[in-house]
Amino acid sequence: MKLPTRVQIVDVGPRDGLQNEKQPVPAEIKIGLVQRLQEAGLKEIEVTSFVSPKWVPQMADNAEVMRGIRRLPGVRYSALAPNMKGLEAALAAPREQWPDEIVVFGAASEAFSQKNINCSIAESIERFAPVAEAARARGIAVRGAMSCTVGCPYEGDIAPEKVGYLAKLMKDIGVQRVDVADTIGVGTPLKVQRAIEATLAHYGIDGISGHFHDTYGQAIANTLAALELGVWNFQSSVAGLGGCPYAKGATGNVATEDVVYMLHGMGIDTGIDLDKLIDAGVYISDALGRKTGSRVATAVLNKR
Ligand code: HMG
Ligand code: MG
């Protein structure tokens, strides 16, 4: 088994983590979270999303958050933009406030595509195509999230062929890298490997990241399964924050602290300072008035 020696993590806590919060989270807290994540050594942070505030009111402060973050050189700041309206909103700010990367998000399941973005998979690709083109023309990178690559809350098991189909469509419209997402955290290691292998037919290993929610407690095992295939890009949420408003009952992403602990324990470099990362998790958990969802942070905090 040849594992990667280095892993790059996108912390998606400020976006995936906070998009599902019942209580409003002030922009200044989100900005504070981004600050702490970058101080902990994160080189990629998913900051917000430019989606309809009627659908996801938690992200309505997108422009304010993009304006408020204090950027560090060498850090990539991304934001979701599912259509031209979203991209235009992101670009309405001065250039230095633009995202470095925008994320279009489609699904391997038709039913989830309808629930999440109100259109079919084919229609979603038609909407993403001009977004990808316009972003790239401005030097903004384009990532594609692929939801429900192993299971869907409406359709159940998802065949790897459907993942391959979506990956091909993403590739055709110029999406540079894709996330193999287990949106509802039902995947198990071999199923996740099949979804990644289907994606590998269209993207090289450097263009694939793992995005695993931890609803059934499988996300760390699924991360290891992806590593075994050579995947070295992952998305996770500090303190295990999150969930998707259109995937009822699905919990947050795997906690970044737990992924980092595992990787460091395996001698894999992340560039992240685990103690500072735990502090970032304490900051946001305190702001939300609840305990961290990270097992590693809980263990470390019990000893502090
Ligand atoms: P729609 O209603 O089909 O779009 O929504 P529309 O073009 O018909 O527009 C309807 C209204 O929304 C109009 O306003 C538009 O102006 C407005 P009105 O005339 O009614 O006042 N609108 C927008 N406003 C702001 N920003 C925009 C925008 N677009 C339209 N970009 C749409 C389609 C995609 C916009 C909608 O369904 C939506 O916003 N959905 C939100 C989906 C979402 O954010 N889901 C969570 C993120 S995905 C996720 O968590 C999964 C991921 O983590 C990976 C994984 O785990 O699987 C990435
Ligand atoms: Mg997600």
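Let's start with one side chain: threonine 149 reaches the backbone oxygen of alanine 181 at 2.8 Å. That is a polar contact, a pair of N or O atoms within 3.5 Å; within protein, one must be able to donate a hydrogen and the other to accept it, and residues adjacent in sequence count only if both atoms are side-chain atoms.

A word on the source. This is a predicted model, where local features need pLDDT of at least 70, side-chain atom pairs need 80 or more, and totals for chains, interfaces and linings use all residues. Residues are numbered from 1 along each chain as written, chains are lettered from A and ligands numbered from 1 in written order, and side-chain values use heavy atoms, without hydrogens and water.

Back to threonine 149. Buried or exposed? At 2% relative accessibility, threonine 149 is buried, meaning under 20% relative accessible area (1.4 Å probe, protein chains only).

Now the metal. Which residues hold the protein donors of the magnesium ion, ligand 2? They are Asp16 (OD), His211 (NE2) and His213 (NE2), 2.1 to 2.3 Å from the ion. Donors here are N, O and S atoms within 2.8 Å of the metal (3.2 Å for Na, K and Ca); water is not among the atoms, so sites may look incomplete. In sequence, the donor spacing reads D-x194-H-x1-H. Aspartate 16 and histidine 213 are both buried.

Last, ligand 1. For arginine 15, the distance from a polar side-chain atom to a ligand 1 oxygen is 2.8 Å. Lysine 54 also places a polar side-chain atom 2.8 Å from a ligand 1 oxygen.

Conventions:
Buried < 20%, exposed > 50% of the residue type's maximum accessible area, 1.4 Å probe, protein only.
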